[in-house]
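My notes are set down in the order in which I checked things.

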Amino acid sequence: MSWNITLFDAKEYDINSFNGFKDKYDVVYKYYDTRLTEDTVSLCKGSDVVCVFVNDQITDRIIDALQEYGIKLLALRCSGYNNVDIEYAFGKLHIVRVPAYSPHAVAEHAMAMLLTSVRRIHKAYIRTRDFNFSLNGLTGFNLYGKTVGIIGTGRIGKCFADICLGFGMKVLAFDKTPANNPRITYTTLNEIWKKSDIISLHCPLNEETLHLINKSTLKKMKKGIVIINTSRGALIDSKALLNSIKTRHVGAACLDVYEEEANLFFRDLSGHIIDDDILARLISMPNVIVSSHQAFLTEEALYNIAETTLNNINEFMITGTSKNEICYKCSQFNECKGKSKGKCF
Ligand code: NAI
């Protein structure tokens, strides 16, 4: 049996990794570089499965259209699902995701950004290419002995904590469901704001965590705080962050995600005028490093994404169930009663 899969926001690296499984699965791919939007949803006609990534916004109208076209499954090739109206989708469209593809990839990127920032590697790289060997202005600080506050100690947060412990840092953490790890000190969010030298976000984006870092929480942080966000952009109120950078309260920001990234990231806009003044100003700052949702991008992660996505699709299309199905009831502390029977509804 062969499945027709339409993939949106599909870049060269996605196409290579999915094509690598052509011998294993009997699938016909249609790849689109564009995102899935109300304007592009008609491209899904005739497909069995639609496969999307982090910046495809799956709204109620898109869900209605997918249902009308008889789409059997929406396969997210990512772990976060804040971009899907999962409550509206319940009972209409089955959704699967890739719960973990490489927590190490994201945690290592967070540390790469932190080291780049605090040791000014981004500045040194540019200088030495111009044979400027001056060290003025490149003074950094040691990570050894510093306190890092980690918010969310699931798969990625735990890896990041392990890396920080390897550097001799003290790890404070906040999680709604703390892990049993004697090397991590769980505390309140207020203590994290007050005591951390560095804060790294690894929790999902939801109503509770939207703008977790805002004007009032920024005020509670130490002067010189370094903020890392490799999770989801809207965990941070970007305008408030920019203001705190301008007042020299925030020492540095390492941002792999940005709240308005959907129309910007994953595209070459180097010849364009960027309308987003907040992002443009953030990028202009010497103490801000922005990568465009790149933390996942390793060979290992791409392989795992393609493999798990295709396994999810194959399993669901054959059995009508998938262990990686999600619905809004599963996301609310495992209230999904259907899950134990193998499907959410
Ligand atoms: P996970 O589900 O393993 O861990 C998330 C943790 O956050 C859990 O321990 C959970 O209890 C905790 N949490 C939930 N609500 C919370 C709250 N209100 N306050 C504090 N903690 C809370 O997820 P994983 O795999 O570690 O991913 C974390 C996030 O990283 C994802 O939600 C996703 O947004 C992001 N991500 C970013 C990538 C990138 O390329 N930049 C790639 C993959 C994931």
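Predicted model: local features only at pLDDT ≥ 70, side-chain atom pairs only at ≥ 80, totals over all residues.

I began with helix α4, residues 103-118, and helix α6, residues 155-166, whose axes come within 8 Å and cross at roughly 50 degrees. Since angles from 65 to 115 degrees would count as roughly perpendicular and those under 35 as roughly parallel, α4 and α6 are therefore oblique to each other. I recorded the crossing of these two helices as right-handed. On the α4 side I listed Pro103, His104, Val106, Ala107, Glu108, Ala110 and Met111, which meet Arg155, Ile156, Cys159, Phe160, Ile163 and Cys164 of α6. Sorted by class, the contact of α4 with α6 has ten nonpolar residues, one polar residue and two charged ones.

Which residues are closest to the ligand? I found 25 residues around the ligand, and the closest are Arg155, Ile156, Asp175, Thr230 and Asp256. Arg155 and Ile156 had already come up in my list for α6, where they take part in the contact with α4. A backbone N or O atom of Arg155 lies 2.9 Å from an oxygen atom of the ligand, and for Ile156 a backbone N or O atom lies 2.8 Å from a ligand oxygen atom. I also noted Phe296, which has a polar backbone atom 3.1 Å from an oxygen atom of the ligand.

I then turned to helix α1, residues 12-19, which packs with helix α11, residues 299-319, at an angle of about 55 degrees, the axes being 9 Å apart. These helices are therefore oblique to each other, and α1 passes α11 in a right-handed crossing. Tyr13, Asp14, Ser17 and Phe18 make the contact from α1, while Leu302, Ala306, Thr309 and Leu310 make it from α11. By class I have five nonpolar, two polar and one charged residues in this contact.

Is the crossing of α9 and α10 left-handed or right-handed? Helix α9, residues 238-246, and helix α10, residues 277-284, have axes that come within 10 Å and cross at roughly 35 degrees, and I recorded their crossing as left-handed. Ser238, Lys239, Leu241, Leu242, Ile245 and Lys246 of α9 meet Ile278, Arg281 and Leu282 of α10. This contact has five nonpolar, one polar and three charged residues.

How values were computed: Residues numbered from 1 in each chain as written. Heavy atoms only, no water. Axes fitted to C-alpha atoms, helices over the stretch in contact; angles between N-to-C directions. Helix = DSSP H or I, 4+ residues; strand = E, 2+ residues; numbered from the N terminus. Parallel < 35°, antiparallel > 145°, perpendicular 65-115°, else oblique. Left-handed = near helix turned anticlockwise from the far one by under 90°. Contact = heavy atoms within 4.5 Å. Nonpolar A, V, L, I, M, F, W, Y, C, P; charged D, E, K, R; others polar. Near = heavy atom within 4 Å. Polar contact = N/O pair within 3.5 Å; in protein donor to acceptor, adjacent residues only side chain to side chain.
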